[in-house]
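Please consider the following account of a single protein chain.

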Amino acid sequence: LVLWPGVATLQRVWEQRDLGPAPEKSSTHAPILLPSELVDDKAWIWADMLTGSLWYYANKPAFKIQFTDAETRTRMFKFVWERGERQYLIQDSEQMKVYIAEIEKLGGRLEMRGKVDGQPYFLVVWPNGGPGNADKRG
């Protein structure tokens with residue numbers, strides 16, 4: 001008898017459940033459309049806030065560089081440069097200004113290319129010799 005109120009409540013809930021189709025997901029965010037240069041499999045994207053959205057909406061991996069230290073970032077920049085692959089940076093937070101300054105200190109130049117989800121993105125152009133090894137001959 002002690003369990004009777006619980007059983008009666010569960011029976012009422014069970015009988016009132018909705019057996020119709022599941023409601024459609026409503027998304028307030030439109031899918032992210034990437035420029036063709038960023039869709040390329042050989043394009044590396046450094047970003048902050050958009051990394052998850054790029055993967056979810058555009059199936060494009062982007063790397064959240066703030067989870068690394070300066071030495072690791074330098075090694076990543078060199079690794080990608082040595083492979084001959086392009087690097088892009090999306091300025092999607094204030095923190096990205098720190099990494100822009102770091103890239104410039106390593107000899108890189110950022111070339112504005114457009115916007116992704118309303119945020120500016122840049123092609124990272126490294127000097128001869130790669131990151132940290134700027135050709136000083138001019």
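In which loop is aspartate 117 found? Aspartate 117 sits in the loop between strand 4 (109-116) and strand 5. Helices (H or I, at least four residues) and strands (E, at least two) are DSSP runs, numbered from the N terminus.

The model is a predicted one, in which local features need pLDDT of at least 70 and side-chain atom pairs count only at pLDDT 80 or more, whereas totals for chains, interfaces and linings use all residues. Residues are numbered from 1 along each chain as its sequence is written, and side-chain values use heavy atoms, with hydrogens and water left out.

The protein chain contains 5 helices and 5 strands. Along the sequence they follow the pattern α-α-β-α-β-α-β-α-β-β. Of its 138 residues, 34% count as buried; buried means under 20% relative accessible area, exposed over 50%, and partly exposed in between (1.4 Å probe, protein chains only). Among contacts with a separation of 6 or more, 55% involve residues 24 or more positions apart, a contact being heavy atoms within 4.5 Å.

The interior may be considered next. In soluble globular proteins, nonpolar side chains tend to be buried together. A nonpolar core is here a set of buried Ala, Val, Leu, Ile, Met, Phe, Trp, Tyr and Cys residues joined through side-chain atoms within 4.5 Å. The largest such core has 15 residues, of which Trp46, Phe77, Leu89, Ile103, Leu110, Val124 and Trp126 touch the most other members. At least two residues of this core come from each of strand 1 (43-47), helix 4 (70-82), helix 5 (96-105) and strand 5 (119-125). Helix 5 gives the most, with 4 residues. Valine 124 contacts Gln87, Tyr88, Leu89, Ile103, Arg109 and Leu110, when its neighbours within four places in sequence are left aside. Another core lies apart from the largest one; it has 14 residues, including Ile32, Ala43, Leu54 and Val116.

How do helix 4 and helix 5 meet, and at roughly what angle do their axes cross? The two axes come within 11 Å and cross at roughly 60°, so helix 4 is oblique to helix 5. Axes are lines fitted to C-alpha atoms, for helices over the stretch in contact, and angles run from 0 to 180 degrees between N-to-C directions. Angles under 35 degrees count as roughly parallel, over 145 as roughly antiparallel, 65 to 115 as roughly perpendicular and the rest as oblique. The crossing of helix 4 and helix 5 is right-handed, that is, the near helix is turned clockwise from the far one by less than a right angle, anticlockwise being left-handed. Ala70, Arg73 and Phe77 of helix 4 make the contact with Tyr99, Glu102 and Ile103 of helix 5. By class, this contact has 4 nonpolar, no polar and 2 charged residues. Ala, Val, Leu, Ile, Met, Phe, Trp, Tyr, Cys and Pro count as nonpolar, Asp, Glu, Lys and Arg as charged, and the others, Gly among them, as polar.

Beyond its neighbours within four places in sequence, valine 116 is in contact with Ile32, Leu34, Pro35, Leu38, Leu50, Leu54, Ile90 and Tyr121. The C-alpha atoms of valine 116 and leucine 33 are separated by 7.4 Å, although the two residues are 83 residues apart along the chain. Tyrosine 121 belongs to strand 5 and is buried because its relative accessible area is 2%. Not counting residues up to four places away in sequence, tyrosine 121 touches several residues, among them Pro35, Leu38, Ile90 and Val116.

Most residues other than glycine have a negative phi. Asparagine 59 lies in the loop between helix 3 and strand 2 (63-64) and is exposed, since its relative accessible area is 56%.
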